[in-house]
Amino acid sequence: MPDEPLPRDEELHGPVHPIPSDARDGEPEEGIALCLSGGGYRAMLFHVGSLWRLNEAGLLPRLKRISSVSGGSITAGVLGLGWKRLDFDGNGVARSFGARLVDPVRRLAGKTVDEGAVLGGVLLPGSVGDRVEKAYRRHLFGDATLQDLPADDEGPRFVLNASNVQSGVLWRFSRPLMGDWKVGLVRNPTLPLARAVAASSAFPPVLSPVVLDLDPDDFDPETGDGLTGREFRDEVVLTDGGVYDNLGLETAWKRYRTILVSDAGGRFAAESDPSRDWLRHTQRILSIIDSQVRSLRKRQVIGAFRDGIRSGAYWSIWTDAAEYGLEDALPCPVDRTTRLAEVPTRLERLDDTVQERLINWGYAVCDCALRARHDATLPRGSFPYPDSGIG
């Protein structure tokens, strides 16, 4: 038997792997994609800071794709809904960035969503996912659908990612399509944007699952691979996108050459006496899985940058800003940024000062990453909330 052909470098070193529907000989396109990780309100606000710095650098209108999971999808959903009214100036800077993104996200961050959703899902009709969707509708998205996101000729393609519990692969939501490669695709879906974000941020086990009741006849009959029966298409069971892809890389890495990754995920901490009740023990096990997958993807991303397979930058809420080696970095003492990184992964109210510090930290570390890894000509930025600093 002849030897199997060796995989290409991208397959060896990339953080995502080809699937049967991918073009095996395709090269990534020139263009910039942004990936936003999960992490509850902590991530939602950290990513606002990162986007704030990207906006000041004039990079937002240059993005071809924004791929997100979990808490990152809350931020991405708000940005996508407000995109057409960002009012970009001649330098590519959105003049309405605060009104269209910062203000609505901060209003949500002042509300506790997860606790009421869990209690209501247990005690009242309807699921936890239904109640999270209702909160997102009320505070952020109203009756908007996926068709209210920008078209490809109007801005980046926003891809909100969930995990399909039935097929075991990534389920994506976007304006032109939703679905996965095994079950198939629905073209031009009119699903409520609030439900897509609720599915992407359905953190297990407490906020999961979110169930989509769909019409199997709406699926493109030319799509899908092995799971195209009505039993997989009439009711789709979804959980947090971070379960499958905790950095939101999958739908960006395969397509574009330049990748920017904003990572606000948690870090696994050792415990001498871990909880043994089913709920907290399950959460502990999920944290171990998430930690290992996140670490692997992170190493492969940075390795691919180093080896020239992709260009771009990675920054993390756990990063020590001093590691970028910039003499003029914004003041970000690692003991204070670590406290911000330790904000729990919840959809729980955060006071104004913590909100501002998380935004400042996302801004500052993105500033470091952009100037050290992407464009050394960028001038140093300034904290969005200088009176709050980092802590």
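This report looks at the nonpolar cores and salt bridges of one predicted model.

Residues are numbered from 1 along each chain as its sequence is written. Local features need pLDDT of at least 70, and side-chain atom pairs count only at pLDDT 80 or more.

**Confidence.** pLDDT is the predictor's confidence in each residue, from 0 to 100. The chain has a mean pLDDT of 90. In the chain, 91% of residues reach 70 or more. Residues 1-12 stay under 50.

**Cores.** A nonpolar core joins buried Ala, Val, Leu, Ile, Met, Phe, Trp, Tyr and Cys residues through side-chain atoms within 4.5 Å. Buried means under 20% relative accessible area, exposed over 50%, and partly exposed in between (1.4 Å probe, protein chains only). The largest core holds 92 residues. Y136, W171, F173, W315 and W361 touch the most other members. Helix α12 (residues 352-374) gives the largest share of this core, 10 residues. A second, separate core has 15 residues, including A33 and F305.

**Salt bridges.** Here a side-chain nitrogen of Lys or Arg lies within 4 Å of a carboxyl oxygen of Asp or Glu. The whole structure has 24. Three of them are listed below.

| Pair | Closest N to O distance |
|---|---|
| D143 and R137 | 3.2 Å |
| E154 and R175 | 3.8 Å |

R106 lies in helix α4 (residues 97-109) and D352 in helix α12, so this pair ties together parts 246 residues apart in sequence. R106 is buried, at 16% relative accessibility. D143 is exposed, at 69%. A network of salt bridges links R53, E56, D328, D367 and R371.

Note on methods. Heavy atoms only, no water. Helix = DSSP H or I, 4+ residues; strand = E, 2+ residues; numbered from the N terminus. Contact = heavy atoms within 4.5 Å.
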